[in-house]
Amino acid sequence: MGSSRVWRATTLSTLWETRRLTDENRKVVSRVASGEKEALEEIYANHGRALYGYLLTLTPDHQLAEEILQDTMLAVWNSASTYGGRSSVRGWLFGVARRQAHNTLRKRRLEPYGSEELDSVASPDPEPAEALALDFDREELIEGMQRLAPIHREVLDLVFFHGLSYGETADALGLPVGTVRSRLSNAKRGLRSLLDPPEEMEG
Amino acid sequence: MRSMKPGHVADLLPAYLNGTLADREKRWVAQHLARCAECRAELASWEAVREATRETSKRLPAPPARVMANVWSQIERDEEETGLLPLGSRVALAWQLLLGQLPLVRKEIWIASPLTIAVGCIVGMMTAEPAASGLLLAVLAPVVAAVGVAFVYGPENDPSLEVALSTPTPPRLILMARLTLVYGYDLVLALVATGLLATVKGGLDVWPLISLWVVPMLFLSALSLLLSLTWGTTAAMLATIALWTTKVVYAAGSPETFSSTTGGLGLVEAFWGTNTVLLPLAVVLITVALLRVPSQERLG
């Protein structure tokens, strides 16, 4: 009972927050929609680096990430009028970038994720009893992070580096908020298993 | 006290850490953490993940400086090909253009116009003489539209005009889109008001009422558009209001305006007995106004 109330409250709060961010940023997108070049430059100045970093979590190829970034800005220019203001501008931008990345990678037969089933591995409501004691040092963690599956790296990047809320992350990834939650804990678990393979089980 | 299974805050911890929880959930999680060692351990592991994520993402390079230059040259190449679009896409583009211009039109127009029209409508409803009930509406509607149109374009109304002129959307298209929005809005308002008036007054025909204002509205708006492009919004507003006032005062001064027994059509004659001249004149004015604005993008 208590938990469902909290879940609902969280959904409301992310809705509220999305509304607030949207009001601040909607104008710049509608300026792009009306063909204002400076508005696109503004979006790039504010989000270009973040989008590039995000794309690099999807492909290690810098050249390719740059191409996808260009495609993303082009898509923003061409489809700004389709931005309905439902999601925050950031969520929308990451969503555009993600779609561009998928299209490009699929065209080149490079699978960005390859493992959508990673989502279904863990239970949606993990108990802290199986809390991952990540007692590894910083460099070990960073090294593990670089090997992490893009689908996991992506969600961690959006939430912890770009500071997106669950709602915005859901918008960006085109997922329900609940899946964002479970994907986050799957990502942590994925990181742990990369660093600490369950040898005993196999031995 | 509701039972709080530890598992229920675990999902909120990443949002708790990045500060995107609402105050209420933040408090709830904090309270829970104070009591639950398991969740504190979980939080610690999330903190480690957060630091590793940030550090990894921070180490990613910035995009090369050439990105936007490439984007602009690609956009220019694309623009050159859009001339060959099929009709369906053109309609869709026109619709997008209208929607895109919507937020850039002065917001006062959306409020001031209906208020003014409403005054004309209400006064008309309270006028006892049926033939005279449409008068104020007929006087106000053209002015409302003309004033609105005066604000459609021009540096004082559009802080981003300089930039807009250097965009791939041709200025002429922008002008047409905004004109359509503002004039269309005022036209619909006046039509609705006239319909209301005719309904309330019962015995009135709608068409004579509409014909009281419809052509003067178009003419005055066209004039206002051209004047605002030439001398600016204020000049256009003052000139059209002055012209219209003169005309109204002159019409009011002639006795047949109020003694008219032929109803609305007689009033049209009294107001501006030259609809056949006004209509083509309005078309000419609009054409000249559109020709004054460059049809192609002005780069740089």
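**Briefing: cores, cysteines and salt bridges in a predicted model**

Leaving aside neighbours within four places in sequence, A:Leu40 contacts A:Val32, A:Met73, A:Val76 and A:Trp77 in its own chain, together with B:Met68, B:Val71, B:Trp72 and B:Ile75. The model is a predicted one, and chain A averages a pLDDT of 77, with 69% of its residues scoring at least 70.

**Confidence in chain A**

**Nonpolar cores**

- The largest nonpolar core holds 74 residues, of which A:Leu40 and A:Leu156 touch the most other members.
- Helix α2 (residues 37-58) of chain A supplies the largest share of this core, namely ten residues.
- Apart from that core lies another, of 32 residues, which includes B:Tyr153, B:Val215, B:Phe219 and B:Trp244.

**Cysteines**

- No disulfides are found in a search of the whole structure, over all chains.
- B:Cys36 is in no disulfide, and the nearest cysteine sulfur to its own belongs to B:Cys39, 3.7 Å away; this separation is too far for a bond, because a disulfide requires the sulfur atoms to be within 2.5 Å.
- Both cysteines are buried, B:Cys36 having a relative accessible area of 8% and B:Cys39 one of 0%.

**Salt bridges**

- Over all chains the structure holds 14 salt bridges.
- A:Arg31 pairs with A:Glu42, their closest N and O atoms lying 3.2 Å apart; because A:Arg31 belongs to helix α1 (residues 2-33) of chain A and A:Glu42 to helix α2 of chain A, the pair ties together parts that are eleven residues apart in sequence.
- Within this pair, A:Arg31 is buried, at 15% relative accessible area, whereas A:Glu42 is partly exposed, at 33%.
- B:Arg66 and A:Glu66 meet in a salt bridge with an N to O distance of 2.7 Å, which crosses between chains from the loop between α4 (37-58) and α5 (67-81) of chain B to helix α3 of chain A.
- B:Asp23 and B:Lys26 form a salt bridge at 3.6 Å between the closest N and O atoms, and both lie in helix α3 (residues 23-35) of chain B, three residues or about one turn of the helix apart.
- B:Asp23 is exposed, at 52%, and B:Lys26 is partly exposed, at 32%.
- Salt bridges with shared partners join A:Arg138, A:Glu139, B:Glu55, B:Lys58 and B:Arg59 into one network.

Conventions:
Residues numbered from 1 in each chain as written. Chains lettered and ligands numbered in written order. Predicted model: local features only at pLDDT ≥ 70, side-chain atom pairs only at ≥ 80, totals over all residues. Heavy atoms only, no water. pLDDT = per-residue confidence, 0-100. Core = buried A, V, L, I, M, F, W, Y, C linked by side-chain atoms within 4.5 Å. Buried < 20%, exposed > 50% of the residue type's maximum accessible area, 1.4 Å probe, protein only. Helix = DSSP H or I, 4+ residues; strand = E, 2+ residues; numbered from the N terminus. Contact = heavy atoms within 4.5 Å. Salt bridge = Lys/Arg side-chain N within 4 Å of Asp/Glu carboxyl O.
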